[in-house]
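Subject: Structure for you to look at

Hello,

Here is the structure I said I would pass on. Please open it next to this message and follow the notes below.

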Amino acid sequence: MAVRDVRMTAAHQRPAPGALAVHVALAQDIQADPHAAKAALRLQAYLVEAYRDAGLFASVASSGAPTAGDAMVRVRIIRADRGSQAERLLIGFGAGRSALLTKASFEVAGQAGAAMTFSASAKDGRKPGVILPGGVALATGELSRLAIGGGLGLLMESRSGLDRGAKRSAAAIIKQTRLLYRASGWIWPPDQNGTRHNAPRKATS
């Protein structure tokens, strides 16, 4: 998971938002991709859940401006490449790698410009697969002929690269939000009692 191009303007003179509205959209050139659409819905759901787990009031919103006293978290998915589940699981080492690239902004009602913007990329498929390195060339050319048994096909379906990318992206957005809260002098709810924020589970690659 990589976060880049972070721009933050701490809102010292404003109170913490009373609520967060979350809106996830797709870039125009991938709006017809059903897999990207599913990733957007998952990311939106993961974000709302994680913010609520952190003790913040969050809900799904339209693309409008934040209402008075609140803030809006806008996320645009720029790229959603689910790669090849078979290659990720069987070969690994980057083969069939998935990628979810997003741009996010945190807008506070009444503040000119976004309080924070950044880009994030979640990629999956670095670990070795179940085929020994010597068989990579053969497997790459003949994946369709491999005997996938013993529930391996179901396992691949449960390891969707975009779903894991959505979880990782949500965790990164939550982390950046917390940094903005601290920079602005706002209390992050778990900091009140010493409990630790419970972000979405980080999937392993």
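**A residue in strand β4**

Val-73 has its place in strand β4. Please keep in mind that this is a predicted model.

Is Val-73 buried or exposed? Its relative accessible area is 2%. Val-73 therefore counts as buried, since that term applies under 20%.

The C-alpha atoms of Val-73 and Ala-21 are 6.1 Å apart, although 52 residues separate the two along the chain. Leaving out residues up to four places away in sequence, Val-73 touches Ala-21, Val-22, His-23, Tyr-51, Ser-105, Phe-106 and Ile-173.

**The nonpolar core**

In soluble globular proteins, nonpolar side chains tend to be buried together. The largest nonpolar core here has 40 residues. Which of them touch the most other members? They are Leu-47, Tyr-51, Ile-77 and Phe-106. At least two residues of this core come from each of β2, α1 (34-53), β4 (71-81), β5 (98-108), β6 (116-124) and α5. The largest share is that of α1, with nine residues.

Neighbours within four places in sequence aside, Leu-47 is in contact with Val-22, Val-24, Val-75, Ala-170, Ile-173 and Ile-174.

Val-3, Val-6, Met-8 and Leu-179 make a nonpolar surface patch of about 280 Å². Strand β1 (residues 2-8) gives the largest share of the patch, three residues. Leu-179 lies in helix α5 (residues 161-184).

The chain has an average pLDDT of 76, and 66% of the residues score at least 70. Where in the chain is confidence lowest, and where is it highest? The lowest is in helix α4 (residues 152-158), with a mean of 42, and the highest is in strand β2 (residues 20-26), at 95.

Two stretches should be read with care. Over residues 90-96, pLDDT stays under 50, and the model has 32 contacts beyond four places in sequence for them. Over residues 193-205, pLDDT also stays under 50, with 27 such contacts in the model.

Regards

Definitions and conventions: Residues numbered from 1 in each chain as written. Predicted model: local features only at pLDDT ≥ 70, side-chain atom pairs only at ≥ 80, totals over all residues. Heavy atoms only, no water. pLDDT = per-residue confidence, 0-100. Helix = DSSP H or I, 4+ residues; strand = E, 2+ residues; numbered from the N terminus. Contact = heavy atoms within 4.5 Å. Patch = residues over 30% accessible without salt bridge, like charges linked within 9 Å, V, L, I, M, F, W, Y side chains within 5 Å. Areas by Shrake-Rupley, 256 points an atom, 1.4 Å probe, with all protein chains shown as cover. Salt bridge = Lys/Arg side-chain N within 4 Å of Asp/Glu carboxyl O. Core = buried A, V, L, I, M, F, W, Y, C linked by side-chain atoms within 4.5 Å. Buried < 20%, exposed > 50% of the residue type's maximum accessible area, 1.4 Å probe, protein only.
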